[in-house]
Amino acid sequence: MITVYGYTKCSTVKKALNFLEDNNISYKHIDNVVELLTEKELRTIHINSNLELKRLFNTSGIKYRELGIKDKFDKMTEDEVFKLLASDGMLVKRPILVSGKKVLIGFKLKEWEEVLWF
C-alpha cells in the first residue's frame with residue numbers, strides 16, 4: 001500500500017496525487033497538517049529516506065522562516081528536531097511517499113516513476 005502524506009491544499013501535493021490517479025495507482029492520502037505525523041513515524045521516514053535530517057523540513061514554508069529554524073537547526077538535538085516536526089505539519093516537507101520501506105520526500109516525477117514502476 002502506498003501512503004502519501006501532505007497538506008491537501010499544497011499545489012505540489014495536488015500534482016503528486018494527480019500523477020498517481022492519472023496512472024491508476026491506488027494510494028492512501030493523509031493530510032499531515034490535520035493528522036500530524038508522530039515522532040516515531042517521522043524517525044522511520046527519515047531512516048528509510050536516506051536523506052539528511054534537515055531535508056524533512058519544508059524550508060520554503062512561512063512557519064520555517066518565522067521560527068528561524070535555518071539558524072537554529074545546527075544547535076538542535078535530533079530529539080528536538082523530531083519533536084518540532086511532529087508539532088506542526090506545515091514544517092514537514094511535502095509530499096512524502098511511503099511504499100513499504102521506500103520513502104520519497106518531495107515530488108520529483110522521475111524519482112516517483114522509478115519507485116512506483118519497480
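Colleague: Which kind of contact do the side chains of Arg43 and Asp79 make?
Modeller: They meet in a salt bridge, with N to O at 2.5 Å. Arg43 sits in helix α2 and Asp79 in helix α5, so the link spans distant parts of the chain, 36 residues apart. Keep in mind that this is a predicted model.

Colleague: And what about Arg43 and Glu78?
Modeller: Those side chains also form a salt bridge, 3.2 Å from N to O. Glu78 is in helix α5 (residues 78-87) and Arg43 in helix α2 (residues 39-49), so parts 35 residues apart in sequence are tied together.

Colleague: Which residues are linked in a network of salt bridges, then?
Modeller: Arg43, Glu78 and Asp79.

Colleague: Buried or exposed, or in between: where does Arg43 fall?
Modeller: In between: Arg43 is partly exposed, at 24% relative accessible area. Glu78 is partly exposed at 44%, and Asp79 is partly exposed at 48%.

Colleague: Changing topic, how many salt bridges does the structure hold?
Modeller: Three. One of them pairs the side chains of Lys63 and Asp88, at 3.4 Å from N to O.

Colleague: Where do Lys63 and Asp88 lie?
Modeller: Lys63 is in helix α3 (residues 62-66), while Asp88 is in the loop between α5 and β3 (96-99), so this pair ties together parts 25 residues apart in sequence.

Colleague: Why does Asp88 count as buried?
Modeller: Because its relative accessibility is 16%, and buried means under 20%.

Terms used:
Residues numbered from 1 in each chain as written. Predicted model: local features only at pLDDT ≥ 70, side-chain atom pairs only at ≥ 80, totals over all residues. Heavy atoms only, no water. Salt bridge = Lys/Arg side-chain N within 4 Å of Asp/Glu carboxyl O. Helix = DSSP H or I, 4+ residues; strand = E, 2+ residues; numbered from the N terminus. Buried < 20%, exposed > 50% of the residue type's maximum accessible area, 1.4 Å probe, protein only.
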